[in-house]
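This report looks at charged side-chain pairs. Please have the model open while reading.

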Amino acid sequence: MEFVERVIADGAAAVAGLSTALGDRLGLYSAMAGAGPLTSVQLAERTGLNERYVREWLAGQVSGEYVRYDEQADTYLLPDEHAAVLADPDSPTYAGGMFRQLGAYYGKEDALAEAFRTGEGVGWQDYGAGLFEGTAKLFRPGYAASLVSEWLPALDGVVAKLEHGATVADVGCGFGHSTLLMAQAYPKSRFHGYDFHGPSIEAARGLAAEQGLSDRVSFDVATAQDFPGEKYDLITFFDCLHDLGDPRGALRRAEQTLADDGTCMVVEPNASGKVSGNISPMGRAFTASSVIVCLPAALAQEGPYALGNHPGEAAVRAIAEEAGLRTWKLAAEGLANRVYAIKR
């Protein structure tokens, strides 16, 4: 019976996740953040939404204990600590992007079932826009909190180069949040973002223009195995190396295009290479998403590898050594990520 309750709780969370995604997408959480107790009518007025739908949404939020309800006053409150997770995209604890991905995940159930039977892949580009948008929203807060303040300073000599003027390639850049955060911090350096997914590159270019960074940032469509350029002082792979069908080819290209004393920074999920090492909420999130998108995306590229997002440090290090990058250092570690500094 305990296990029945757990499975019901998991199923309820899976259904409620869409409601959370709607709350994020429609601005319900942001409208409640810092507003104090609100009635359903007041929240509907703040958001311009239908009150009956808003009232039903609130009932579900109370059931999930995301929102608190005062029965006597008939008002709803989003606590500040919950708002930091659900309503503020600039908070390092913001998790709204995870729920934006759900529609894309569930929309590929039939294709994934067929892939299980055939062993073929499901390409990243074949998922819905929610995957691309949600992934960008999910990872940006962590990068904003740690990239400039912790990760780059943990790389020997890299910050000094960036301050004086370095050339950087951000491979698998997606919407370019990681690229733009570095460009904001180091105006004397030049940054080049590469991704094989055209719509993501277009989104990145739009963000660069919006932030006034187009003078020192460029975004172009290219794969991890053939991105252009040479003598990069820093080449980065943010949460993408494990998604590649040929990570060795990507790291070999990095080795070929690095400057003599250049550094390759690889950011990967902080997941264990041991099956039993991922029995935790974070480990469950990683391994579940690996089944749904990471492994299928790698298999779709028909390369020599299909790592999933939890291959373990030893496996990634061995691939780097084969690619000619033999100096390896665990530079930083957090709840969600491990950051490796790799050189020739």
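Is K137 buried, exposed or partly exposed? K137 is partly exposed, with a relative accessible area of 30%. Partly exposed lies between buried (under 20% relative accessible area) and exposed (over 50%), using a 1.4 Å probe and protein chains only.

## Basis

This is a predicted model: local features need pLDDT of at least 70, side-chain atom pairs count only at pLDDT 80 or more, and totals for chains, interfaces and linings use all residues. Residues are numbered from 1 along each chain as its sequence is written, and side-chain values use heavy atoms, leaving out hydrogens and water.

## Salt bridges overall

The structure holds 20 salt bridges. A salt bridge here is a side-chain nitrogen of Lys or Arg within 4 Å of a carboxyl oxygen of Asp or Glu. One network of salt bridges links R6, D10 and R284.

## K137 and D24

K137 pairs with D24 in a salt bridge. Their closest N and O atoms are 2.4 Å apart. The pair links distant parts of the chain, 113 residues apart. K137 sits in helix 9 (residues 129-151) and D24 in helix 1 (residues 2-25). Helices are DSSP runs (H or I, at least four residues) and strands likewise (E, at least two), numbered from the N terminus. D24 counts as buried, at 17% relative accessibility.

## Two arginine pairs

E255 forms a salt bridge with R344, with closest N and O atoms 2.9 Å apart. This pair also joins distant parts of the chain, 89 residues apart. E255 belongs to helix 13 (residues 247-257), and R344 to the segment after strand 9 (337-343). R344 is partly exposed, at 36% relative accessible area.

E333 forms a salt bridge with R338. The closest N and O atoms there are 2.9 Å apart. R338 counts as buried, at 14% relative accessibility.
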